[in-house]
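Here is a guided reading in questions and answers for someone meeting this structure for the first time. Please keep the sequence and the model in view while reading.

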Amino acid sequence: MVNRMILALDQGTTSSRAILFNDAFEEVASAQKEFPQIYPQDGWVEHDAAVIWSDCRELCRQVLGKASSGDEIAAIGITNQRETTVLWDRATGAPVANAIVWQDRRTAQTCDTLRAEGWLDKVQAKTGLLLDPYFSGTKLAWFLDTVPGARGRAEKGELAFGTIDSWLIWNLTGGASGGASHVTDATNASRTLLFNIETQDWDDEILGRLNIPRSLLPQVLDCAADFGMASEAVLGRAIPICGVAGDQQAATVGQTCFRPGMMKSTYGTGCFALLNTGSEKVTSHNQLLTTIGYRLDGKPTYAVEGSIFMAGATIQWVRDGLKLISDAAESEALASSADERSRAYMVPAFTGLGAPYWDPHARGAILGMTRDTGIAELVRAAIESVSYQTRDLMEAMAADISGGLDASAPLRVDGGMVRNNWFCQNLADILGRPVERPRYTETTALGAAYLAALQVGICGSPEDLSSAWALDRAFEPSLSPDQRDARYGGWKEAVARILTT
Ligand code: ADP
C-alpha cells in the first residue's frame, strides 16, 4: 500500500522544523535546527533569510530521507513566524538586506507619525491591526527608504517582498532559476498592515501613504490552495505546496477551533490567544487585534487575537536570570510546594506590556513580598503571572464580543509551558473555565499539515479534522468565584502600579 504523507515545514522565530506526518496525522519523522538571532543595535532584531532558506531545505531533505521510496509525499504545508519582512532581488534570489524580525522596534517613529496624522482608526478598520512596529508594512517602507537603490529597483519591478512563507515558497518553487511562485496566504497577508481584511485585497490607500509599489507584493491565496510545485532540483522530489498559514493561525487550525466561540492559547516564549469569531469581523475596543483565522474556498473566518510578550520567557528568566531553578520543569514541583497564603505578584513587563495594555515603557516588578516569601513563592508568582495575563486577554475579548464569551467554553492550550500541570490547573482556576490540553501539542505544524491535507483531499472538510482532535487532559476550575476574583484583583492592582500611561 502506498502511504500518503504530508511534509509540514514550521519556520519559527528561533528554530526551523520539518515534520513528516502520515495520512492519520501521526508524526513519522522530524528534524529541527536553531539559527542565529542578529541584534545590530538596541531594539533591532534581524534574521539572515538566506540561512533560513538553506536550513529549511536541509531539514526537508533530512525528513524526506526518512520516508521509504514507495511513500507518496502528497503535499507540503508551511507555517511560519509572522510579520518578519524579506525583500529580495528576483533575478539573483539574494535578499537586499537581513530580514527585519517581528520583534524589531526600528519603525516606532514611523508609527508615531502615522498616528499623529490620524491614521489609527483607518488602519484598524481596514487591516484589523494597530499602529505598531510589530507589523510588516512599516518595515518594508524602511527597506525602500534606507537601502541604497532599493526604491529604484522596486519601481522597475526587480524586487519582491514577502513574509517568510512567501520567501520559502519562492525558493522551493525554483527561486531565481525562473517560474517561481510569488504568493502568500490570507493569514500572513493579514499581518502586513497592507492587506484590507474586508475586501481581501492589498489596500491602495495604505500602500500610497507608505509609498510601496504594488508590484512588490505577492498574490494572496486561500490557506488551502495551489501555492506551486516544490521542484525536484531543490528537494529531490517534486511536491505540491498546498497549505499555508502564519504560526498562530496554524495552531488555531491544529487545535481545530473551527466554530465561532472556540479559542486556543499557545504558551511558548510569549503567549498568543485566538478566538474564532466566524464570518463576523469584530473590531476591538480593547486593543486586541482582528485578524484572519483562516480562509478556505475564498471565505475568511475571522479571529480576535491577544498577545503576551513574556509567558515561558518568564520561567526562563527565573531559571537564567535569578537562577532559582536549573530547568523549567522544576517550576512545577516548586509552585505546588509554595505557601498557599502567599500573595506575591510578579509583573513580567521586561519589554513593556502587550495586549490589552500596550505600554512599551512599563517595566517589571515583584510586589506583595513578606519575610515568608521564598524561592517557591517567587516561582509560583512567575507562573501565575501568565495565568493572570491570559485572564486580562479573556476579559478584553469578552468585552469586545457582543453577548460576551461563553462562560463554559474551554480554552485549548499548547506550547512548551503546558507540560506544566500546575500551570494548567492555575490557568483554569484564574480563568474560571476548563483548560484542555491535546495529546499532540505540535499544533502549529499539525495545522499546516491539515491545510495541505484539505487541499489534496486526504480529508474532506474541517469537520473531519475536528474528530481527530484528542484530549490528553482537561483541567477544571476549582476556586470559588470570590477567591478567583480576589486573586485577580490583586494582579490588577500590581499592574496599575507599573503602568506609565
Ligand atoms: P518557542 O516555540 O517559543 O521557542 P516552546 O513552545 O518550545 O517555545 O516552549 C518553550 C518555553 O516553555 C520556554 O520559555 C520554557 O521556559 C517554557 N517551559 C518549558 N517547559 C516548562 C515547564 N515544565 N514549566 C514551565 N515552563 C516551561
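The questions below go from the domains to the ligand and then to the backbone of this predicted model.

Q: Which residue ranges make up domain 1 and domain 2, and how many Å separate their centres?
A: The domain assignment of the chain gives domain 1 as residues 4-247 and domain 2 as two segments, 255-438 and 470-501. Taken over C-alpha atoms, the centres of domain 1 and domain 2 are separated by 28 Å.

Q: Which helix gives the most residues to the shell around the ligand?
A: The ligand is surrounded by 14 residues, and the closest are Thr-269, Gly-312, Gln-316, Gly-416 and Asn-420. By class, this shell has 5 nonpolar, 8 polar and 1 charged residues. The helix that gives the most, with 4 residues, spans 312-320 and is α11.

Q: What percentage of the ligand's accessible area does the protein cover?
A: A polar side-chain atom of Thr-269 lies 2.7 Å from an oxygen atom of the ligand, while a polar backbone atom of Gly-312 is 2.9 Å from a ligand oxygen atom. A backbone N or O atom of Met-417 lies 3.5 Å from an oxygen atom of the ligand. Of the 580 Å² of accessible area that the ligand has on its own, the protein covers 73%.

Q: Is the peptide bond from Ala-355 to Pro-356 cis or trans?
A: Most peptide bonds are trans. Pro-356 lies in the loop between β19 (345-347) and β20 (365-367). With omega near -5°, the bond from Ala-355 to Pro-356 is cis.

Q: What is the phi of Leu-193, positive or negative?
A: Most residues other than glycine have a negative phi. Leu-193 lies in the loop between α7 (186-189) and β10 (195-196). Although Leu-193 is not a glycine, its phi is positive, at about 75°.

Methods:
Residues are numbered from 1 along each chain as its sequence is written. This is a predicted model: local features need pLDDT of at least 70, side-chain atom pairs count only at pLDDT 80 or more; totals for chains, interfaces and linings use all residues. Side-chain values use heavy atoms; hydrogens and water are left out. A residue is near a molecule or strand if one of its heavy atoms lies within 4 Å of it. A polar contact is a pair of N or O atoms within 3.5 Å; within protein, one must be able to donate a hydrogen and the other to accept it, and residues adjacent in sequence count only if both atoms are side-chain atoms. Accessible areas come from the Shrake-Rupley method with a 1.4 Å probe; for residues, only the protein chains shown count as cover. Helices (H or I, at least four residues) and strands (E, at least two) are DSSP runs, numbered from the N terminus. Ala, Val, Leu, Ile, Met, Phe, Trp, Tyr, Cys and Pro count as nonpolar, Asp, Glu, Lys and Arg as charged, and the others, Gly among them, as polar. Domain bounds come from an automatic or database domain assignment.
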